[in-house]
Amino acid sequence: FFGLAPALHASRKDLAPVLKGDGSALQHERGEARPQRLLGVAQVALSMVLLVSAGLFLGSLAKSPRVDPGYDVQSGLTLSFDLNLQGYSREKSVAFSRELLQRVEALPGVASASLASLAPLSGRMLGTELTEESTSGEGGSSLGVSLNAVYPGYFRTLGIPIVRGREFTEQDDAGAPATAIVNQACAQRLWPDQEPLGRRISLDGSKGPFAEVVAVAKDAKYDELSESPRPFVYLSHRQSPILMSDMALLVRAKGRPAGLLAAVQHELRSMDANLPIYDVATLEQSLHLRSDKQRGMTKLLSLFSALALLLASVGLYGVLAFSVTRRTREIGIRMALGARRRDVLRMLIGEGLRLTLWGVGVGLVLSAGLTRLLSGILFGLAPPDLMTIAGVSLLLAAVRDAASSLPARKATRIDPMLALRHE
């Protein structure tokens with residue numbers, strides 16, 4: 001007691017808050033550490049944002065194989081070719097396409113085959129303005145739509161259900177009245193709670209020509225797995241001008257489609273050995289390629305998240321180590337007055353906990369805003385995802401324990417007499 005008297009007398013202004021146990025001793029010294037604490041909070045918040053974003057992308061990728069694209073991807077394959085590059089006329093192209101379908105459907109293991117201007121999830125889209133024929137003499141309703149020109153058997157080959165009406169047939173050729181098939185999203189937008197079959201639509205303005213809607217097809221994914229249902233129109237390829245110079249051959253296999261790729265390409269080569277063939281893939285492979293954006297973002301965010309987590313760990317350690325150094329005299333006074341080592345340990349670890357909680361709180365607010373911006377490219381998840389947030393919070397808690405335990409344990413080994421002489 002007599003050895004402590006000078007120190008107690010010199011520190012009488014600081015002892016009142018210490019004895020009251022409110023942890024506010026040496027406010028000046030601890031106030032100097034405030035910028036470091038704010039930096040620690042900012043590091044934890046940044047780590048929270050990046051980890052939550054990376055977690056959402058990882059969860060989205062994990063669920064991508066279970067996302068229903070609206071058609072059968074297990075047994076389909078596709079390849080593209082361009083007859084115009086070989087100088088084919090319109091008539092010769094039609095004859096070539098008809099013979100190609102006959103040959104491919106005759107192959108062992110092929111269930112059906114069809115052709116289209118665009119393959120699903122090919123990364124290319126066609127769009128235009130659809131106009132409904134008006135019965136009142138005024139301008140009809142209009143709607144921006146995506147479209148594709150397809151051959152008979154397209155919906156059967158891809159496994160896209162026809163909800164109402166009929167699929168295109170061989171009779172829907174250039175000499176027959178124009179026909180069209182719309183998807184559910186298009187029918188709902190144009191004719192909610194009304195009969196869509198028999199309606200007449202035009203893709204060339206309010207004066208036509210008009211095509212009769214003969215069916216409604218189930219919605220599917222046309223460009224991205226994460227896309228919302230979009231209005232879509234299918235035209236009969238034999239009735240429509242060529243929308244694109246190239247065409248996509250679609251094949252449905254009775255078993256696994258990968259084994260048919262070589263046989264289908266052989267039939268195409270045997271008809272024209274110089275015909276360029278590209279985008280050869282199963283529909284599963286096409287679906288995987290269309291998630292390249294999510295995979296790239298996941299890798300990038302995972303890298304930044306790891307760096308942010310490392311910086312947060314170092315930052316927490318640095319803040320607490322700095323706090324121990326600045327509060328050496330306070331810790332010595334506490335221990336000299338009877339504070340036990342576990343009390344000091346609890347006090348310093350609690351400081352790390354408070355920093356982490358503040359950082360997590362700020363990070364949650366920022367994450368909520370950021371993940372809503374990312375929702376357009378996430379599939380199978382709707383941010384905020386509670387499991388991801390809970391997992392990231394537990395991870396940051398573990399990092400906080402690891403980063404704060406070393407400085408805290410170091411503080412418990414301080415000699416009170418040496419601490420009281422510390423400047």
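Colleague: Which side chain does the side chain of Ser75 make a polar contact with?

Modeller: That would be Asp72, at 2.5 Å. A polar contact here is a pair of N or O atoms within 3.5 Å; within protein, one must be able to donate a hydrogen and the other to accept it, and residues adjacent in sequence count only if both atoms are side-chain atoms. Bear in mind that this is a predicted model, where local features need pLDDT of at least 70, side-chain atom pairs count only at pLDDT 80 or more, and totals for chains, interfaces and linings use all residues. Side-chain values use heavy atoms, with hydrogens and water left out, and residues are numbered from 1 along each chain as its sequence is written.

Colleague: OK, and where is Ser75, in terms of α4 and β1?

Modeller: Ser75 sits in the loop between α4 (34–63) and β1 (76–82). Those are DSSP runs numbered from the N terminus: helices are H or I with at least four residues, strands E with at least two.

Colleague: Is Ser75 buried or exposed?

Modeller: Buried, because its relative accessibility is 9%. The cut-offs are under 20% relative accessible area for buried, over 50% for exposed and partly exposed in between, with a 1.4 Å probe and protein chains only.

Colleague: What does Ser75 touch, not counting residues up to four places away in sequence?

Modeller: Val251, Arg252, Ala253, Gly255 and Pro257. Contact means heavy atoms within 4.5 Å.

Colleague: Switching to rings. How many aromatic pairs does the structure hold?

Modeller: Seven. Rings of Phe, Tyr and Trp (its six-membered ring) pair if their centres lie within 6.5 Å; planes under 30 degrees apart are stacked, over 60 edge-to-face, the rest tilted. Tyr88 and Phe96 are edge-to-face, because their planes are at 80°, with centres 5.4 Å apart. Tyr88 is buried at 12%, and Phe96 is buried at 7%.

Colleague: What lies over the face of Tyr88?

Modeller: Lys92, at 4.6 Å from the ring centre. The test is NZ of Lys or CZ of Arg within 6 Å of the ring centre and within 35 degrees of the ring normal.

Colleague: And how are Tyr222 and Phe232 arranged?

Modeller: Stacked, 3.9 Å centre to centre with 10° between the planes. Both Tyr222 and Phe232 are buried. They also belong to one aromatic cluster with Tyr154, Phe155 and Tyr234.
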